[in-house]
Amino acid sequence: MACHMYGAVVKDGLYPQLADAFPALASEIAELLCAEGEPLAEAVADLPYYGPCTCTATCINLLTAPHGSSGSSMIQLERDGMDVIWLSLDPSRTTITDIEVLDGRDLGPSAQRSG
(Lines give C-alpha, C1' and ligand atoms only; values in the text may rest on other atoms or scores of the structure.)
Protein backbone atom coordinates (compact mmCIF):
# COMPACT_ATOMS: atom_id res chain seq x y z
CA MET A 1 0.00 0.00 0.00
CA ALA A 2 1.32 3.44 -0.91
CA CYS A 3 0.55 6.67 0.93
CA HIS A 4 1.80 10.20 0.59
CA MET A 5 4.26 11.85 2.98
CA TYR A 6 5.47 15.39 2.42
CA GLY A 7 4.31 15.21 -1.21
CA ALA A 8 6.30 12.06 -2.11
CA VAL A 9 5.05 8.52 -2.36
CA VAL A 10 5.86 6.20 0.54
CA LYS A 11 5.68 2.49 -0.26
CA ASP A 12 5.44 -0.36 2.25
CA GLY A 13 6.18 1.92 5.22
CA LEU A 14 9.54 3.04 3.85
CA TYR A 15 10.52 6.66 3.49
CA PRO A 16 10.45 8.22 0.01
CA GLN A 17 13.72 8.94 -1.71
CA LEU A 18 15.07 12.48 -1.67
CA ALA A 19 15.33 12.28 -5.46
CA ASP A 20 11.57 11.65 -5.67
CA ALA A 21 10.64 14.47 -3.28
CA PHE A 22 13.20 16.98 -4.63
CA PRO A 23 14.53 15.81 -8.01
CA ALA A 24 16.21 19.11 -8.97
CA LEU A 25 17.84 19.50 -5.54
CA ALA A 26 19.12 15.90 -5.52
CA SER A 27 20.58 16.36 -9.01
CA GLU A 28 22.26 19.60 -8.02
CA ILE A 29 23.76 18.07 -4.87
CA ALA A 30 25.12 15.11 -6.84
CA GLU A 31 26.53 17.46 -9.51
CA LEU A 32 28.26 19.71 -6.97
CA LEU A 33 29.66 16.75 -5.01
CA CYS A 34 30.93 15.18 -8.23
CA ALA A 35 32.64 18.44 -9.21
CA GLU A 36 34.46 18.33 -5.86
CA GLY A 37 35.49 14.70 -6.44
CA GLU A 38 33.44 13.67 -3.43
CA PRO A 39 32.52 9.94 -3.41
CA LEU A 40 29.21 10.71 -1.62
CA ALA A 41 27.92 11.98 -4.99
CA GLU A 42 27.05 8.39 -5.90
CA ALA A 43 24.88 7.97 -2.79
CA VAL A 44 22.59 10.97 -3.36
CA ALA A 45 20.20 9.09 -5.67
CA ASP A 46 19.47 6.56 -2.91
CA LEU A 47 19.07 8.93 0.05
CA PRO A 48 15.78 8.56 1.93
CA TYR A 49 13.77 11.64 2.83
CA TYR A 50 12.60 11.70 6.44
CA GLY A 51 10.89 15.08 6.11
CA PRO A 52 11.71 18.56 7.33
CA CYS A 53 13.58 18.83 10.64
CA THR A 54 11.42 19.82 13.59
CA CYS A 55 14.18 20.52 16.15
CA THR A 56 13.20 24.21 16.35
CA ALA A 57 10.50 26.39 14.84
CA THR A 58 13.00 28.00 12.48
CA CYS A 59 15.06 24.98 11.38
CA ILE A 60 15.02 24.58 7.59
CA ASN A 61 17.00 21.35 7.27
CA LEU A 62 15.74 18.39 5.27
CA LEU A 63 16.43 15.09 7.02
CA THR A 64 17.94 12.19 5.08
CA ALA A 65 18.51 10.12 8.22
CA PRO A 66 16.65 9.88 11.54
CA HIS A 67 16.85 12.98 13.74
CA GLY A 68 20.01 12.86 15.84
CA SER A 69 22.11 10.94 13.30
CA SER A 70 24.43 13.84 12.43
CA GLY A 71 27.99 14.11 13.61
CA SER A 72 30.08 17.26 13.58
CA SER A 73 31.25 16.92 9.95
CA MET A 74 29.81 19.00 7.16
CA ILE A 75 30.36 19.53 3.45
CA GLN A 76 29.77 23.05 2.15
CA LEU A 77 28.73 23.17 -1.49
CA GLU A 78 29.32 26.36 -3.44
CA ARG A 79 28.10 27.84 -6.69
CA ASP A 80 29.89 30.93 -8.04
CA GLY A 81 31.89 31.26 -4.80
CA MET A 82 28.82 31.33 -2.54
CA ASP A 83 27.69 28.57 -0.19
CA VAL A 84 24.36 27.26 -1.49
CA ILE A 85 23.97 23.94 0.35
CA TRP A 86 25.39 22.49 3.55
CA LEU A 87 25.36 18.74 4.03
CA SER A 88 25.67 17.31 7.53
CA LEU A 89 27.32 13.90 7.77
CA ASP A 90 27.13 10.99 10.19
CA PRO A 91 30.11 10.49 12.53
CA SER A 92 31.77 8.08 10.06
CA ARG A 93 31.44 10.67 7.23
CA THR A 94 29.84 8.01 5.00
CA THR A 95 26.21 9.19 5.01
CA ILE A 96 24.51 12.52 4.41
CA THR A 97 22.16 13.01 7.35
CA ASP A 98 20.58 16.35 6.56
CA ILE A 99 20.61 19.13 4.02
CA GLU A 100 20.40 22.86 4.56
CA VAL A 101 19.61 24.92 1.47
CA LEU A 102 21.05 28.40 1.98
CA ASP A 103 20.05 30.32 -1.13
CA GLY A 104 16.41 30.90 -0.19
CA ARG A 105 14.88 28.90 -3.03
CA ASP A 106 11.32 27.67 -2.60
CA LEU A 107 11.45 23.90 -2.24
CA GLY A 108 7.67 23.58 -2.27
CA PRO A 109 5.28 21.71 0.00
CA SER A 110 7.58 18.72 0.52
CA ALA A 111 9.86 20.93 2.63
CA GLN A 112 7.07 22.34 4.78
CA ARG A 113 6.13 21.01 8.17
CA SER A 114 2.63 19.70 8.46
CA GLY A 115 0.36 20.83 11.24
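1. Leu 25 sits in helix α2. Leu 25 counts as buried because its relative accessibility is 3%; buried means under 20% relative accessible area, exposed over 50%, and partly exposed in between (1.4 Å probe, protein chains only). From Leu 25 to Leu 107 there are 82 residues in sequence, yet the C-alpha to C-alpha distance is 8.4 Å.

2. A word on the basis of these notes. This is a predicted model, in which local features need pLDDT of at least 70 and side-chain atom pairs count only at pLDDT 80 or more, while totals for chains, interfaces and linings use all residues. Residues are numbered from 1 along each chain as its sequence is written, and side-chain values use heavy atoms, with hydrogens and water left out.

3. Now the overall fold. The chain has two helices and seven strands, arranged along the sequence as β-β-α-α-β-β-β-β-β; these are DSSP runs numbered from the N terminus (helices H or I, at least four residues; strands E, at least two). Of the 115 residues in the chain, 38% are buried. Among contacts with a separation of 6 or more, 50% join residues 24 or more positions apart.

4. Which residues touch the most other members of the largest nonpolar core? They are Ile 29, Leu 33, Leu 87, Ile 96 and Ile 99, in a core of 24 residues. Such a core is a set of buried Ala, Val, Leu, Ile, Met, Phe, Trp, Tyr and Cys residues joined through side-chain atoms within 4.5 Å. Two or more residues each come from α1 (18-21), α2 (23-35), β5 (74-79), β6 (82-89) and β7 (96-101), and α2 gives the largest share, five residues. Ile 96 touches Leu 33, Leu 40, Val 44, Leu 47, Thr 64, Leu 87, Ser 88 and Leu 89, again not counting residues up to four places away in sequence.

5. The largest pocket holds about 240 Å³ of space. Its lining includes Leu 62, Val 101, Arg 105 and Leu 107, along with Pro 52, Cys 59 and Asp 106. By class, the lining has seven nonpolar, two polar and three charged residues.

6. Most residues other than glycine have a negative phi. Asp 80, in the loop between β5 and β6, has a positive phi of about 55°, and counts as exposed because its relative accessibility is 77%. Arg 93, in the loop between β6 and β7, also has a positive phi, near 60°. Is Arg 93 exposed, partly exposed or buried? At 42% relative accessibility, Arg 93 counts as partly exposed. Arg 93 touches Leu 40, Ser 73, Met 74 and Ile 75, with residues up to four places away in sequence not counted. Arg 93 and Ser 73 are 20 residues apart in sequence and 6.8 Å apart in space, C-alpha to C-alpha.

Definitions and conventions: Contact means heavy atoms within 4.5 Å. On a 1 Å grid over the protein atoms alone, a cavity is a set of points where a 1.4 Å probe fits but cannot get out, and a pocket is an open set with protein on both sides within 12 Å along at least five of seven lines; lining residues have an atom within 4 Å of a point. Grid points are joined across faces, edges and corners, and a volume is the space filled by probe spheres set on the points. Ala, Val, Leu, Ile, Met, Phe, Trp, Tyr, Cys and Pro count as nonpolar, Asp, Glu, Lys and Arg as charged, and the others, Gly among them, as polar.
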